[in-house]
Structure formats: C-alpha cells, structure tokens
Amino acid sequence: MRRLIIAANLFVAGCATVPEQPQPQPTPVTVSPHIRSDLLGLTVSELVQRLGTPAFQFREGPGLKLQFRASRCILDAYLYPPVGGPGAERVTHVDTRLRSGADIDLRTCVAAIQGA
C-alpha cells in the first residue's frame, strides 16, 4: 500500500505543469521629472556644441555616457535612443559632482565647463 501511495504521488507530480516564467519587459526610458536642465533632450551633437568635446565616452547596451570635465567639476550625461524605436539618442539624465566626489549644482558645473 505504501508503494502505491508513493507511485501515485510521483505520477501526479509528473503531470504537473511547469509555471511559465514571465518574460522580461524592456524598461522605458523617461526623463527624470525632478531634474530640471536645459541639457535634457539634447542629442550628442547638440550637447557637444554646447559643452565641447567630451573627456570620456562609454557605451553600455543601448545607452551612451559622455563625461565633460572642468578644473572644478565633472558632468556625466546619459543618452538613450527613443522608446518607440530608432532615432537619435538624447540626454535623459545628468549627474554633476566636484572632483572630490561631493555634489555640485548643475548650473555651476555647466558654467565651469563652458568657461574652461
């Protein structure tokens, strides 16, 4: 009887379906609403025209990071293609910091880079 119960349990377990794994959905790229900047939405060429040649450029997946430096601060601009499909990459996020790593106001850093 014990073997019959074990065999029945194994049979039932063999008939169980494997739960379907959810497919990863691409995360839409949106502009951060808490960051107000006239740099947001610019293309690579518009950003280079405004800030000059980047000191560093790094591509990871669909994104592009451009880094601009002044003697006082560093600005990182992150560009991504439009969510709907092909098109020019645009700035979706901007980070600024002093060379020490401390935060600095975006406008102050942009002014330092433009004056450098």
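Author: The count comes to 1 disulfide, taken as a pair of cysteine sulfur atoms within 2.5 Å. Cys73 and Cys109 form it, with their sulfur atoms 2.2 Å apart. The torsion about their S-S bond is about 100°, so the disulfide is right-handed. Cys73 lies in strand 3 and Cys109 in helix 3 (residues 106–115), so the pair ties together parts that are 36 residues apart in sequence. Helices (H or I, at least four residues) and strands (E, at least two) are DSSP runs, numbered from the N terminus. Both Cys73 and Cys109 are buried. Buried means under 20% relative accessible area, exposed means over 50%, and partly exposed lies in between (1.4 Å probe, protein chains only).

A word on the basis. This is a predicted model: local features need pLDDT of at least 70, side-chain atom pairs count only at pLDDT 80 or more, and totals for chains, interfaces and linings use all residues. Residues are numbered from 1 along each chain as its sequence is written, and side-chain values use heavy atoms, with hydrogens and water left out.

Now follow strand 3, which covers residues 73–80 and includes Leu79. Leu79 is buried, with a relative accessible area of 0%. Leu64 is 15 residues away from Leu79 in sequence, yet their C-alpha atoms are 5.1 Å apart. Contact here means heavy atoms within 4.5 Å. Beyond four places in sequence, the contacts of Leu79 include Leu42, Leu47, Leu64, Leu66 and Val91. Glu89 and Arg90 are also among them.

Next, the nonpolar core. Such a core is a set of buried Ala, Val, Leu, Ile, Met, Phe, Trp, Tyr and Cys residues joined through side-chain atoms within 4.5 Å. The largest one has 20 residues, and Leu39, Leu47, Leu51 and Leu75 touch the most other members. At least two residues each come from helix 2 (44–51), strand 2 (63–69), strand 3, strand 4 (90–98) and helix 3. In soluble globular proteins, nonpolar side chains tend to be buried together.

Last, the aromatic rings. The whole structure holds 1 aromatic pair. Phe56 and Phe58 form it, stacked, at 6.4 Å centre to centre with 5° between the planes. Rings of Phe, Tyr and Trp (its six-membered ring) pair if their centres lie within 6.5 Å; planes under 30 degrees apart count as stacked, over 60 as edge-to-face and the rest as tilted. Phe56 is partly exposed at 33% relative accessibility. Phe58 is partly exposed at 39%.
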